[in-house]
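Open the model in your viewer and keep the residue selection tool at hand. The stops below go one at a time.

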Amino acid sequence: MRDYTKIKAWRLADDLTVAVYERTRSFPKDEMYGLTSQLRRASYSVPANIVEGLSRERKKDYLHFLYIARGSLSEAQYFIHLGRRLGYLSVEESEALREQTKMTFACLQGLIQAVEKEAGRLSKVLATVTSLLVIGLMRWSSGQLSVVS
C-alpha cells in the first residue's frame with residue numbers, strides 16, 4: 001500500500017480532524033450524540049476515505065472514495081457553520097475551522113483532478129492497447145485462415 005501520509009490533502013484533513021476534536025470538547029454534553037458526533041464523523045471521514053481509496057487497485061475506485069471525502073468535508077463545513085450559529089463555537093474558532101476546511105477542500109479538489117486526469121489517460125491507454133490487440137488478433141487469424149486455405 002502506498003504511504004498516505006505523504007499526500008498533502010490527507011495531512012490537511014488529518015489536521016482538521018484533530019482541530020475539530022479539540023474544538024468540540026467544549027460543546028454541551030447534550031450534543032454528544034448530536035452535533036458533536038456528526039461534526040467529528042464528517043471530519044474523520046475525510047482522511048479515512050482518502051486512505052481507503054488509496055488502497056484500491058483501480059483509479060476509478062480511488063476517485064469514488066475521494067468524492068466521498070469531498071462530500072464529508074462539505075458536511076463538516078455545514079456543521080461548523082451550525083456550531084457557530086448555536087453559539088458552541090466562537091467567531092474565531094469557527095473562522096479558523098472554516099479556513100482549514102477551505103484549504104483542505106482546495107487541496108483535495110486538486111488531488112481529485114490529478115487522479116481524474118490519470119484515470120482518463122489510463123482509460124485511453126487501455127482502450128488503445130485493447131484495440132491494437134484486437135486488430136492484431138484479427139490480422140493473425142485472417143493470416144492463419146489464408147495459410148490453411
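In which helix does Thr17 lie? Select Thr17: the helix is α1. Bear in mind throughout that this is a predicted model.

Stay on this residue. Thr17 has a relative accessible area of 9%, so it counts as buried, the cut-off being under 20%. Now show what surrounds it. Leaving aside neighbours within four places in sequence, Thr17 is in contact with Ser43, Tyr44 and Pro47.

Next, select residues 35-54, which form helix α2. Within α2, pick out Thr36. Is Thr36 buried or exposed? With a relative accessible area of 2%, Thr36 is buried. Display its contacts: not counting residues up to four places away in sequence, Thr36 touches Thr24, Phe27 and Glu31.

Move on to the largest nonpolar core, which has 32 residues. Which of its residues touch the most other members? Select Ile7, Ile50, Leu66, Leu108 and Leu111. Then colour the elements that give two or more residues to this core: α1 (8-24), α2, α3 (59-85) and α4 (91-148). The element giving the most is α3, with 8 residues. As general background, nonpolar side chains in soluble globular proteins tend to be buried together.

Notes. Residues are numbered from 1 along each chain as its sequence is written. This is a predicted model: local features need pLDDT of at least 70, side-chain atom pairs count only at pLDDT 80 or more; totals for chains, interfaces and linings use all residues. Side-chain values use heavy atoms; hydrogens and water are left out. Helices (H or I, at least four residues) and strands (E, at least two) are DSSP runs, numbered from the N terminus. Buried means under 20% relative accessible area, exposed over 50%, partly exposed in between (1.4 Å probe, protein chains only). Contact means heavy atoms within 4.5 Å. A nonpolar core is a set of buried Ala, Val, Leu, Ile, Met, Phe, Trp, Tyr and Cys residues joined through side-chain atoms within 4.5 Å.
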